[in-house]
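This report covers domain arrangement, helix packing and backbone geometry. The structure is shown first.

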Amino acid sequence: MQQTDPTPTARPAAAPTGLSPSRAGDFMTCPLLYRLRVIDRLPEPPSAAATRGTLVHAVLERLFDHPPADRTPERARGLLAPQWERLLGERPELAELFPDEPAKLAGWLGDAEQLVEKWFRLEDPTRLHPVERELYVQTALASGLLLRGYIDRVDVAPSGEVRLVDYKTGRAPSRDFEGKAMFQMKFYALVVWRWKGVLPKRLQLVYLGGGGDVVTYDPDEADLLAVERKLEALWEAISAAVASGEFPATRNRLCDWCDHKASCPEFGGTPPPYPLPLATLTNPRKES
Ligand code: SF4
């Protein structure tokens, strides 16, 4: 989803106060990336791809404001321009993406439109009755570790069974990376389970990129307990890194899109001086 964490902007450095799926993924992928985003809070310029994802999410969210029979492709297409205007109003810096380039903006909006249209081939919104959209969830585990994030859509069946849904504007991953993608959904399921005492019946990833795909998984308690243990271990590793200031750069397949190469030794850059007092935050969860 698009709002798991806001895009980092220039803000004072701070110790981490909890985990979201995105930032957990950052640390697992590259500890230095996690540091630069969460602790140094280095700004990142808006990207056309991420902003298109935000726009598509906004359209799919707002479509459910309308009665089922009105949730048509035409209605969704009609939401694109007003939602883009709303985003521009909230984040004027997005105008930098298309400076005096109306053709580029039109092409970008056309790509967003195609993603929205593809969604209608994967799900039928006239038959869906979400109880929540863009739901902010947060819970503290027994250890005190704070987990948080946004769930794109929550559906509840007449039987009471809960389905958590997340939209992805990229293409579905290969089988090798499916588990990594579903980790985010298991994270949300754990938060809902610990927060509301309800074990979601189904987790669903809706991929709008490529040919479009829907990937589902039905978790059980053992799955979520395993995720809980993994997150606790991850938080211990983050706590140790915060205390030591050691966040190694780890080359990975996402480096090509990383905004922080100038601060990354793997690309000849130098990280800024570590902004936190060393060894003073052996248990940063207490700071949350
Ligand atoms: S360029 Fe790659 S290795 Fe360097 S900080 Fe970014 S993700 Fe990490």
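## Domain arrangement

In this predicted model, the C-alpha centres of domain 1 and domain 2 are separated by 23 Å. The domain assignment places domain 1 at residues 48-126 and domain 2 at residues 129-228 of the protein chain. Domain 1 contributes 14 residues to the contact, and domain 2 contributes 19 residues.

## Interface between the domains

The size of an interface is often given as the accessible area lost when the parts come together. For domain 1 and domain 2, the area buried between them is about 1,400 Å². Carbon and sulfur atoms account for 61% of that buried area.

Two salt bridges are counted between domain 1 and domain 2. Elsewhere in the listing of pairs, E123 and R153 form a salt bridge. The closest N and O atoms of E123 and R153 are 2.9 Å apart.

## Packing of helix 1 and helix 2

Helix 1 spans residues 21-29 and helix 2 spans residues 31-39. The two helices pack with their axes 5 Å apart, at an angle of about 140 degrees. Angles over 145 degrees would count as roughly antiparallel, so helix 1 and helix 2 are classed as oblique to each other.

On the side of helix 1, the contact is made by R23, D26, F27 and T29. Helix 2 supplies P31, L33, Y34, R37 and V38. Sorted by class, the residues in this contact of helix 1 with helix 2 are five nonpolar, one polar and three charged.

## Positive phi angles

R41 is not a glycine, yet its phi is positive, at about 55 degrees.

E134 is also not a glycine and has a positive phi, of about 50 degrees. The location of E134 is strand 1, which covers residues 130-140.

Note on methods
Residues numbered from 1 in each chain as written. Predicted model: local features only at pLDDT ≥ 70, side-chain atom pairs only at ≥ 80, totals over all residues. Heavy atoms only, no water. Axes fitted to C-alpha atoms, helices over the stretch in contact; angles between N-to-C directions. Helix = DSSP H or I, 4+ residues; strand = E, 2+ residues; numbered from the N terminus. Parallel < 35°, antiparallel > 145°, perpendicular 65-115°, else oblique. Contact = heavy atoms within 4.5 Å. Nonpolar A, V, L, I, M, F, W, Y, C, P; charged D, E, K, R; others polar. Domains from an automatic or database assignment. Buried area = accessible area lost by both parts, 1.4 Å probe. Salt bridge = Lys/Arg side-chain N within 4 Å of Asp/Glu carboxyl O.
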